[in-house]
Amino acid sequence: MQQRNISAGYYVNKNPDPNGDHEVHTSDCRYMPREENRIYLGTFDKCRDAVQAAKKHYPKAHGCSYCIKECHTE
Ligand SMILES: [Zn+2]
């Protein structure tokens, strides 16, 4: 998996997935939630930092399996 080496904007889905996890997405993800269903987290160099920021909103947060697979957990 290629690591992103530029800062990207990250968002967290307000709605949990069926496992109760709130997914974190990059701004260019095709699975980006609708505007009313997402919270902007900011820009981060590493997706792990974005997931940590998301956990301030939702303790159960993880990376999207599509856009930041390296930060996705089952
Ligand atoms: Zn995504």
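## What tetrahedral means here

Four donors count as tetrahedral if all angles lie between 85 and 135 degrees. Keep that range in mind as we visit the zinc ion in this predicted model.

## The zinc site

Let's start with the metal. Four residues coordinate the zinc ion: His25 through ND1, and Cys29, Cys64 and Cys67 through SG, at 2.1 to 2.4 Å. The angles among these four donor atoms run from 100 to 123°, so the site is tetrahedral by the range of 85 to 135 degrees. For reference, the ideal angle for four tetrahedral donors is 109.5 degrees.

Along the chain, the donors of the zinc ion follow the spacing H-x3-C-x34-C-x2-C. Distant parts of the chain are linked by the pair His25 and Cys67, which lie 42 residues apart: His25 is in strand 2 (residues 22-26), and Cys67 is in the segment after strand 4 (61-63). His25 is buried, with a relative accessible area of 1%, and Cys67 is buried too, at 7%.

## Thr26 in strand 2

Strand 2 also holds Thr26. This residue is buried, with a relative accessible area of 0%. Its side chain makes a polar contact with the side chain of Asp28, at 2.6 Å.

## The nonpolar core

Now for the largest nonpolar core, which has 18 residues. Which of them touch the most other members? They are Tyr10, Val12, Val24, Leu41, Phe44, Ala54 and Ile68.

Strand 1 (8-13), strand 3 (38-44) and helix 1 (47-57) each supply at least two residues of this core. Helix 1 gives the most, with five residues.

Notes. Residues numbered from 1 in each chain as written. Predicted model: local features only at pLDDT ≥ 70, side-chain atom pairs only at ≥ 80, totals over all residues. Heavy atoms only, no water. Donors = N, O, S within 2.8 Å, 3.2 Å for Na, K, Ca; no water. Tetrahedral: all angles 85-135°; square planar, octahedral: opposite > 155°, others 65-115°. Helix = DSSP H or I, 4+ residues; strand = E, 2+ residues; numbered from the N terminus. Buried < 20%, exposed > 50% of the residue type's maximum accessible area, 1.4 Å probe, protein only. Core = buried A, V, L, I, M, F, W, Y, C linked by side-chain atoms within 4.5 Å. Polar contact = N/O pair within 3.5 Å; in protein donor to acceptor, adjacent residues only side chain to side chain.
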